[in-house]
Amino acid sequence: MKIYDLTKDQCDMLDQLWACDTVEEIYDLFQTLDADKFQMALTLHQMMIDEMTEQNNDVNNTTTARNMLAGIGVKC
C-alpha cells in the first residue's frame, strides 16, 4: 500500500494506525487525540481503507480475468 504526498505528522499518524492490531486499539488511539489530530486520523484511516479496497478490487479483477481465460482454454 502506498499513499503519497503526506506530511511528517501524517506519516507518524499512519505509523500509529498500522501499529494497532484490532479495531479496539484504533478506537483507543482515536480517544487520545485532540480534535485536529482526530480528524487527520479519521481521514488517513479512510484513505487506508480505500486503498485496501482498491487493491482487493484489482486482485478480484485479475482473478475474474484468469477464470475467464481458463474458461476458454488458456492456461494462466
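I looked up α2 and found Ile26, Leu29 and Phe30 buried. Buried means under 20% relative accessible area, exposed over 50%, and partly exposed in between, with a 1.4 Å probe and protein chains only. Seen down the axis of α2, these buried residues fall within an arc of 100 degrees, so they line one face of the helix. The arc is taken from the directions from the helix axis to the C-beta atoms. On the face of α2 turned away from the buried side, I noted exposed Glu24, Tyr27 and Gln31.

Notes on the source: this is a predicted model, where local features need pLDDT of at least 70, side-chain atom pairs count only at pLDDT 80 or more, and totals for chains, interfaces and linings use all residues. Residues are numbered from 1 along each chain as its sequence is written, and side-chain values use heavy atoms, with hydrogens and water left out.

Next I checked the overall layout. The protein has 3 helices and 0 strands. Along the sequence, the pattern reads α-α-α. Helices (H or I, at least four residues) and strands (E, at least two) are DSSP runs, numbered from the N terminus.

Then I turned to α1. This helix covers residues 8-19, 12 residues, and reaches 17 Å from its first C-alpha to its last, close to the 16 Å expected at 1.5 Å a residue. The expected span is 1.5 Å times one less than the number of residues. I found Met13, Leu14 and Leu17 buried in α1. Down the axis of α1, its buried residues also keep within an arc of 100 degrees, so they line one face. Lys8, Asp15 and Ala19 are exposed on the face of α1 turned away from that side.

I looked for the largest nonpolar core. It has 12 residues, among them Met13, Leu17, Phe30, Leu33, Met40 and Met48. Such a core is a set of buried Ala, Val, Leu, Ile, Met, Phe, Trp, Tyr and Cys residues joined through side-chain atoms within 4.5 Å. The elements giving two or more residues to this core are α1, α2 (23-31) and α3 (35-71). α3 gives the most, with 4 residues.

I also checked the cysteines. The structure holds 0 disulfides, a disulfide being a pair of cysteine sulfur atoms within 2.5 Å. Cys11 counts as partly exposed because its relative accessibility is 35%. Cys20, at 16%, counts as buried.

Last, the burial total. Of the 76 residues of the protein, 16% count as buried.
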